[in-house]
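Student: I would like to go through this structure and ask what stands behind each label. Please set the value against the cut-off each time.

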Amino acid sequence: MVVTCMLGNFKVRLLSLRNKGRDRLSKFPQTVFRLRCEGRENMLRFWRLTVLLLLCFQRVFASGSSRCETPEGECDFVCDCSDCSDEQNCGYSGKSFECDFEDEGVCGWNIESLGEEYKWQRVQSGDELPDSGPTSDYTTGTATGWFMSVSAVRAQSVQSSVLISPEIKGSSPTCRLRLRYFLWDSGHTGLGPTPLWASILHEDSQGAVVWRPEASSARSWREATVFLGRISSPFRIHLHSARSAGQNGDVAIDQLEFLGCALPSPPAGTNCSTGMVACGGGGCVEQRQLCDGTDDCGDGSDEAPCDGYYRCDFEEDLCDWDLRSFSKLKWIRTNQENISRTDPSKGPGRDHSNNTASGYFLYVTVPDDGLTMDWAAFQSPRLQPTNSSHPCKMVMYTHQFGPRSGGLTVLVADRLIYPVWKRGGALGDLWVKAEVEIVSNYTFQILIMAAIRDFDYGGIAVDSIVLSPECRNASDNTTLEDFPDPPKHPCIDDPDKMCDFQADCDAAEDEAKCGDFSYPDGSLGWTDSSVGSQGWLLDKSSTTGAEFLYVAEAAGQQLTEAQTRTPLLGPTGPACSLSFDFALTGSLDHIGELSVRVVDSLLGVRPKLWEFSGKTGAGDEEETWQHADVPIGVRKHRFQLTFEARAVEVQPFAWIKVRNVRFISCHADYTPSLPTGPSCNFEDGLCAWYQDNSDNFDWSVVTGMDHSIGVGSSLVVDMWSPSLRGAFGRLLSFPQQPTPTESCLTFYYKLYGPNAGALNVKLTDGLGYEVLLWTRNGAHGNDWHEAHCPVPQQNTNFQLMFEAVRSGFDGQVAIDDVAFVDGPCAIPRKCSFEGQKCGYSSYGAIDWLHRNGQTTTTNGPKTDHTLGTELGYYMMVNTDADILPPRSAAVLVSPVRQGTTKPECVSFWYHMTGGNPAFFTVYVKPEKGERVPIFSENLNEGDDWRHANGNISVGLVSWQLEFEVIGSGSRGSHVAVDDITVSAHPCEDQGSKCSLENGMCSWINIQDREREKLDWELTSPEKEKHYPVPPEDHTLGTEKGHFLFFPSSNRTAANQNAWLVSPQLPPVQPTCLRFWAYKPQSSDCQLRVWSLSGGLITQQLIVNELSGHWRHFELNITSREGYQIVFEGVKGTSGFVALDDIEYTVGFDCATRVTKPTSKPDNAGGIAASVIVVVLLIGTLVALLVFYLRTKPDAKAPSLSVGISNEGYVPEDPVDVPPRQNHPMAAGFNNISISAEVREREEEE
C-alpha cells in the first residue's frame, strides 16, 4: 500500500509492503520509506520533515492494521489479519476461500424458505445406501461428511427455498465460484424446470441470475463453475431450489471454492513488473486490460484514460449500431427484466456493463412465433480504411448460452463480405471477452452475425462494445462488388446423423468436419471455446505441412484452461477410442497440463478421461511427440470431445500441441470380433469388456493381486478410495450373439473389507431390461472365491454385466479369470438363488417356486437369507393342505456333482413355519444306488432361517442333493431353502476349536443393520496390503495363518460396530468360551462379548488393553434359554482388534466340569442311551452289509456305509430368537461316506 503526504512542494511517499496473511506494519522491517524532494532546490527544515513523517506513519497504521479490525476489511477475499479471521463465515472461510459445510456454522450461509415443507438443510448421507440423495458428501467421499440438501416435498404448488450467503464486499472480473452439485429425480416425479439456480443480490436489491445448470437427472456429484464477474458494490449470493414434488436430498450442493475473486493488490516491489500498468489504488493490470470495457483495477482507473475510444453499453441507445437486417430474425435492445423476471432459464440473466438484470444489451433468440430464419445480423456505421500498423481494434463481450446458441461471427463488408473472427456454439452462463483487429484498404462496416438453433432455451447476447481510436467514422459510401454465397445446405436434414461415424452423404460429407484429421477438412471441426487468457489455434508445420492444434494467448478474462471442442458426435459403440499425438516442449522444466474430457449433451461436463502433466521431451527439444489412445466406449447420448490445456507460459517458452487426431472404431453398431469373447484374465486390458459411462465410477486394472499368478492383473474397485463417488460401477461385455442353449460364466472374485458392498452379475437385452443372475454381498475374506453363474438361453443379442454396488466406504471388490463357455455350469459351490436357480429343478405333486419377499404368498418368508431383504430370492414350496395334499411329495433336485477323494462340507439354510409344516428330508443320491437321508425336520422353527451342515465323502462317485417335502395337511405353512453351499474342505465340529484356517466355521456376520453396520473380516498378514494387522496369527504363529479382525479407518464413523455371532446354543449351564484376542496399544477399538437370547443382549466381557500381543481369554456363559454368543467390535479412530482360535464347549465349564441343562428333568438320559444302542445296531448292520458286498461277486450296485454325526442349526437373524429351545444335536446332517471297497467296485464297473 502506498500513502502519499503533501506539504508545500514536498511529497513523502510511504510504501507498506504486505505479505499475504500478515498484518500491515506488524513488524518495522516490513516497511520501506522513500523521501523525495520535488520543486524547490532548498531543503525544508528538519523539524518540518519529522512532523510530516509522523503524520504519514499515523495514516499507514490507521489504514493498514486497523482494517483487520473493521467491517470494511471483512469478506473482500483479502486476508487483512494474520490468521485470516476477517475472512471467516463469508460464505467461505479462511485463506483457501472454501466452504465444505463440515463445520456447523455452514460458513455463514442462511436459509430462507416459503413455508416449512421445503427447505435447505445440512445433512449426512447416513450409514445405509440412501434411496434418495447422494451416497456421500463430495469433500470426504464418506457417510460422515456433511453437505447441504433440500428436504422432501409433495405440494399442490411449487415450493422454494433459498440458501443465502453473508454480505461480500465486491469481486473482481475474474471471480468464479466452483461448486459440486447433485440433481437426481429419485422418486420419478420430475425435477421441474428450475430445481437449482444461483443469483446475486446487490445492496440496492437489484438481482441477477448467474448460473442455471441443465435440469438433468444423474445419481452423481457434478462440477460447475459460477462466473460471478466484476461486482463493484456489496452483494449476496443466493442458491435457489424450487419443486412441487421430490424426495429428500434430490438437490444438493457441496465443496464451494471461490477462485480469482480478489482485486489487484500492490506489487512486492516499488513498481509494476514489465508489461503491467499501475492502478490508482496501487495494484497492477496487464497493458491489454486498459480501455477494454471492464473495471479490472477495481477503482475504474484502467478505464479512465481512454480518450478517442468509442464505447457502447446500450444503456441509453444503440450508439449508431444498426439493427436492420435482411433476415427476418432480428437483434433487439433489451434487458433481463423485459425478457423474464420469473423464469431463470430465459435470457442471459444480467448485462455485462453493470452485472444487473436492469442493464441493457443486444439479444437474439428463437421468437415466440417460431424460427423461420436461423441467422441475425447488425452492423456498425461506415468506418475509414485502416492499415496493419494502425488497425481498427474492437472489444466486445458475448453471452452464448444454451443449445440455441449456434455461434457468433464478425464479418467485414468493404467491397466484399468476409469473416475475420468467429466463436462457435455455447460457452456457458457468462460474458466472454472478444478482441478483433480489422485491416481494410477500403471504407468498411463491421457486421456481427449470430446463428440460432431451434431448441428449448438459450440465445446470444452482445454488450460493452469498445472501438479503438483507429476506428474512425467515414462519410463516403462503398458499393459491394459481390455478395458472398449463402452457406451450403447440409447434405442431410437430420442433424443427429451429422458426425455419427456413419457416412450418409456422398464422399462422407456429413463426417468431413467432425474433428478427425484423416479427412482433408477434419481439423476444422475443432472449435476454440476458451473463455480465459489462453486459447487454441490451428496451424501447419512449415516443414511437413501437417496440421496441428496449439495453445496461444487469448483475449478472455477468466483464469481457466484453454478449451477446444468437436461438434456433437455419436452415439458410439463399445470399441470407440480417440487417438492422437501430443507434445509439451520448451525451455521450461514444467510446460503445463493437457487433458481430454467428454461433454455429454444430457449429463453435461464429465470427469477427465485422460491427462498429462509436465514435459514430453528433455531440454528445449521442440518436436518431442508422444502418442495416446483414449477409450471413449459406449456413449448413448450425443456428446462433444474436448482438449483442455493450461501452459505455465505460452510460446516461445512453452508449446502445447496436438496432431493426428483420429476417431477409431466409433460407429454405434460396430463390435470387434475377439477369439476369446468375454473370457479374459485382464493381463492385456479389458478384452471384450468396457466401462459403462452412465454409472458413477470405473473398475481399475490393478497389478499385483490377481488370482492366477499372484503378481498379474485383476479388475478392482477400491471402495475405500477417497476419490470414489456414487453408488455403483459397471463393466459391460461387448454385445453377444443369441445362444441356443444355456451357457456358463465362471470367474473368481473378492469381496473384502468391513463394508465392501455387493457384487452382481446381470444380463441386459437389446431393450435395456436387466436380469440379475448372481449376487454376493458383505465380507468374504481376503481370498479369491470361484463363482459359476448359469446364463439362460438367449434368443436375441445380449450383454453381460459385472456391477459393484457400494453399501459403505471401506472395502474392495475384485474379479479375475473370467470365462464364458457353452453348456450348463457344474453345480456351483454356492447358490444364493439371486436371479437364477443354479440348475436346480423339481418334480413331484407340485413344483418348488423361485420367489422373493415381494412375490411370495402370504405364508412365505418375507426376506431371504442372502440379502436379508424382500428383494432377495430363495426356493420354497407351499405346504398348505389345499396346495400340497397330505402324503404328497415335492422334491428339489440339485445338478449332478462329481465326487472327490476328499470330504466336502455341504450346508444350507432352511425356513419352516406353520402348525405342522411338513416332513422335510434332505437326501444324498449317488449316481448308482439308493438315496440316503442326511437331514430331516418336521417342526415349526419360527420365523427364522436355520442352518445345517455336514460332511459328505463319496469318493469319485457322482451325486445329487434332493430336498423332499411331504405334505402333512397343515394350514398356512411352507418350507424354504437358501444359500446351499458345497465347500472343498470338511466341516468343523460345532464344539471344536475354530482356527479360521478354513473359513469362519459356524460363525457369521449378521445382516441386521439395526444391530450393526460393519463386518468382521478374515485375512492373513501375508495377504494383507491395506489394513494394519497383527504380524502373525495365533494358530500357526506365521504370516500365512488366518484370523478375524475389525479395523478402525477414517472411511467410516467412529463407534460403528460389527457383530460376529455363533450358532444357536442350548440352555445348559455353563458353556465354556475360549478365544485369543489381539489389539495394539495405539488402538482405541473395543471388543465386547455378549450373549443374545430372546432379542435381549447380556454383557459377558469387555476387553480393553491387550499390550500389543495375542492374549488368551476364558469365560463361562450361562443362560436359562437358548442363546447365541456375540463378539462385538466397536470402531475407534485408529488401530484394530483381532480374534483367533475361538472355541466353545457346550455343557462344560472352563475347568472341564460337566454340568446339567437348566431345563425340566426329562428322559434325556434314556433317549441318549437309546441313541447309543441304535448307533451300535446300525454299525453292526453296516459291518455285515460290507462283508456281504465283499463276498458277493455279482453285486450290481453299491451300498452306502452311513455314520451319523448331527450338526447344529444357526438362525440368521440373531435379534429375533424363536421360543423353541433345541439342543444343537437336534438338527443336522449325517456324515456320508463310501467304503474303499465299494469305491473300487464302482470304478471297475
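Student: In which loop is K1079 found?

Tutor: This is a predicted model. In it, K1079 sits in the loop between β62 (1071–1078) and β63 (1086–1093).

Student: Why is K1079 called buried?

Tutor: Buried means under 20% relative accessible area. K1079 has 4%, so the residue is buried.

Student: What does the side chain of K1079 reach, and what makes that a polar contact?

Tutor: The side chain reaches the backbone oxygen of N1104 at 2.9 Å. The limit for a polar contact is 3.5 Å between N or O atoms, and the 2.9 Å of K1079 and N1104 lies within it.

Student: Which residues does K1079 touch?

Tutor: Leaving out residues up to four places away in sequence, K1079 touches C1085, V1103, N1104, E1105, L1106, S1107, G1108, F1136 and V1137. One of these, C1085, is buried because its relative accessible area is 1%, against a cut-off of 20%.

Student: What makes β61 and β66 a pair?

Tutor: Pairing requires at least two bridges. β61 (residues 1057–1061) and β66 (residues 1124–1130) are joined by 5 bridges and run antiparallel. In one of these strands, β66, G1129 is the bridge partner of A1058.

Student: Why is strand β56 described as largely enclosed?

Tutor: Of the 8 residues of β56 (residues 959–966), 6 are buried, so the strand is largely enclosed by the rest of the structure.

Student: Which strands pair with β56, and how many bridges does each share with it?

Tutor: β51 (residues 889–893) runs antiparallel to β56 and is joined to it by 5 bridges. β53 (residues 919–926) pairs with β56 over 8 bridges, also in the antiparallel sense. Both counts meet the requirement of at least two bridges.

Student: What makes C312 and C319 a disulfide?

Tutor: A disulfide needs sulfur atoms within 2.5 Å, and those of C312 and C319 are 2.2 Å apart. Both cysteines are buried. The structure holds 18 disulfides.

Student: Why is the disulfide of C312 and C319 called right-handed?

Tutor: The torsion about its S-S bond is about 75°, so the disulfide is right-handed. For C831 and C838, with S to S at 2.0 Å, the torsion is about 85°, so this disulfide is right-handed as well.

Student: Are C994 and C1001 buried or partly exposed?

Tutor: These two form a disulfide with sulfur atoms 2.0 Å apart. C994, at 2% relative accessibility, counts as buried. C1001, at 33%, counts as partly exposed, because that value lies between the cut-offs of 20% and 50%.

Student: Which residues touch the most other members of the largest nonpolar core?

Tutor: They are W109, W211, L228, I237, I253 and F258, in a core of 43 residues. Strands that each supply at least two residues of this core include β12 (218–227) and β13 (235–246). A second, separate core has 37 residues, among them V598, V630, V661 and F663.

Conventions:
Residues are numbered from 1 along each chain as its sequence is written. This is a predicted model: local features need pLDDT of at least 70, side-chain atom pairs count only at pLDDT 80 or more; totals for chains, interfaces and linings use all residues. Side-chain values use heavy atoms; hydrogens and water are left out. Helices (H or I, at least four residues) and strands (E, at least two) are DSSP runs, numbered from the N terminus. Buried means under 20% relative accessible area, exposed over 50%, partly exposed in between (1.4 Å probe, protein chains only). A polar contact is a pair of N or O atoms within 3.5 Å; within protein, one must be able to donate a hydrogen and the other to accept it, and residues adjacent in sequence count only if both atoms are side-chain atoms. Contact means heavy atoms within 4.5 Å. A nonpolar core is a set of buried Ala, Val, Leu, Ile, Met, Phe, Trp, Tyr and Cys residues joined through side-chain atoms within 4.5 Å.
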